[in-house]
Amino acid sequence: MIQHGNGILVEVDGRKFRFDPRRVNQDDTCMISHAHTDHLPTSFRGSSVVCSQITRDFVKLRRNKEVQIVDDEHVRQLEAGHIAGSQMFLVEGEKKVLYTGDFCTREKEHTKAAMPHKCDVLIMEATYGKPHYVFPDHAEMMAVVKDWLNDIMRADGIAVLYAYPLGKSQELSAYLRDFPLLLHGAIAENNRLLRAHGMTLSDVEYDQHLAIPPFVYITSGLGRDLARVESLKKKGAKTAAFSGWALDRDFVSVSRANEAFPVSDHCGFDELVEFARRCDPEAVFTTHGFAKELANHLRRNLGIQAQPLVARQRTLDHFC
Ligand SMILES: [Zn+2]
Ligand SMILES: [Zn+2]
C-alpha cells in the first residue's frame, strides 16, 4: 500500500514506513531524505528518525528540534547525490521499495552520484521529467563557469552568482575554492555546519571591508539581499544564475542575470529514465514536477507500470 498524505506512506510486512513526513510520529518509521525545507518535517510527535547526520544537524538548525537517528534493520540509506547529506531509502521486506527523494546521478564536486538499485517498487522524483531537460556534462559546464569568472577576475571585476543557499551554493563554494569568495550569511551558515562534517568550504561572509574587487559573491539574490546586489551591479558586477531551468528558453530574461548556467542538483529527463530502467522495478510511482509526463513515458517506452503519485490518493495495493 502506498499513500500520499503525511509524506509517502508504505506498508511492508505489516509495518509502516513514512518518507519525508510533514509530521514525525512515534508509531511509524519516519525517514527524512534531505534538508530542503519542502522535505523537512514541520512538527514532531516523536524524535526518532532515519536520516544522515548532516540532515539531523540541519533539522536542528532549521526546525530547532533535536532528533535521534535510529537504525532500522529493514531500511538501507543510499547516496542520493542531490545535496550534502541527501539519502535515498531502500526498504527491504517481502518486497523492496526504493524511495529516491530528490536525487542526481551526475557526480558533482561536493556530492557523489546516486546509483540505481534493483527494487520491486520505485518511488522517484520527476522534477525534470520532460524530454527537453537534458543536462550537459557537469564537469564541462563548471569549466565554462570557471572561464567566465576568470575573465571577470582578470579585469578586477565583481561576479555575483545566484544560487540556492543549500545545494548549488556548496557546489560553487567547493568548485571555486581558489577564487576570492564572499558568501551571503545564510550560505556561510550552511557551509559552517558542513565544515563540522569535514567538508572543505569557505565560510567568509560578505563584508564591506572585504568587498574589494576582484571578488565573487554567492547569494540567492532574493529578499533583503536585492539592495546589495543592485549596488554591486552599479559598480559593474556581472551576474549569473545557476539552475536547471536555465534549459528553458526564457530563463535568462526571467532570472534577469547576464548569464544562466544549466547546473542542477536533480536528474535530467534522460537520467531519470535510465535510472528507472536500471532499477528494473515492477512498478514506478512518480512525484514532484512533471510526474505525469514521466510516468507516461515510462509506461509507453519502457513498458513499466508507472503512475504519478497524487496527494491523498490510495493506489496499487497489489504491488506491495
Ligand atoms: Zn531538494
Ligand atoms: Zn524537493
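So, look at where Ser169, Gln170 and Ser173 in helix α3 meet helix α4: on the α4 side the residues are Ile187, Asn190, Asn191 and Leu194. Keep in mind that we're looking at a predicted model. What kinds of residues make up the contact of α3 with α4? It's 2 nonpolar and 5 polar, with no charged ones.

As for geometry, α3 covers residues 168–175 and α4 covers 185–195, and their axes come within 10 Å, crossing at roughly 70°. Anything from 65 to 115 degrees counts as roughly perpendicular, so that's what we call α3 relative to α4.

Okay, on to the sheet. It's an open one with 5 strands, and the order is β14-β15-β13-β16-β17, with parallel pairing. Which strands stand at the edges? Those are β14, residues 181–183, and β17, residues 259–261. Each has a single partner strand, so one side of each is left without a neighbour in the sheet. From one strand to the next, the twist averages 25°.

Zoom in on β13, residues 158–162, and β15, residues 215–219: they run parallel and are joined by 5 bridges. One pair to click on is Tyr162, whose bridge partner in β15 is Thr219.

Then there are helices lying across the sheet strands. Helix α2, residues 138–154, lies across β13, β15, β16 and β17, and runs at about 150° to β13. Helix α5, residues 226–234, lies across β13, β15 and β16, at about 145° to β13.

Technical notes: Residues are numbered from 1 along each chain as its sequence is written. Chains are lettered from A and ligands numbered from 1 in the order in which they are written. This is a predicted model: local features need pLDDT of at least 70, side-chain atom pairs count only at pLDDT 80 or more; totals for chains, interfaces and linings use all residues. Side-chain values use heavy atoms; hydrogens and water are left out. Two strands pair if DSSP finds at least two bridges between them. Helices (H or I, at least four residues) and strands (E, at least two) are DSSP runs, numbered from the N terminus. Axes are lines fitted to C-alpha atoms, for helices over the stretch in contact, and angles run from 0 to 180 degrees between N-to-C directions. Contact means heavy atoms within 4.5 Å. Angles under 35 degrees count as roughly parallel, over 145 as roughly antiparallel, 65 to 115 as roughly perpendicular and the rest as oblique. Ala, Val, Leu, Ile, Met, Phe, Trp, Tyr, Cys and Pro count as nonpolar, Asp, Glu, Lys and Arg as charged, and the others, Gly among them, as polar.
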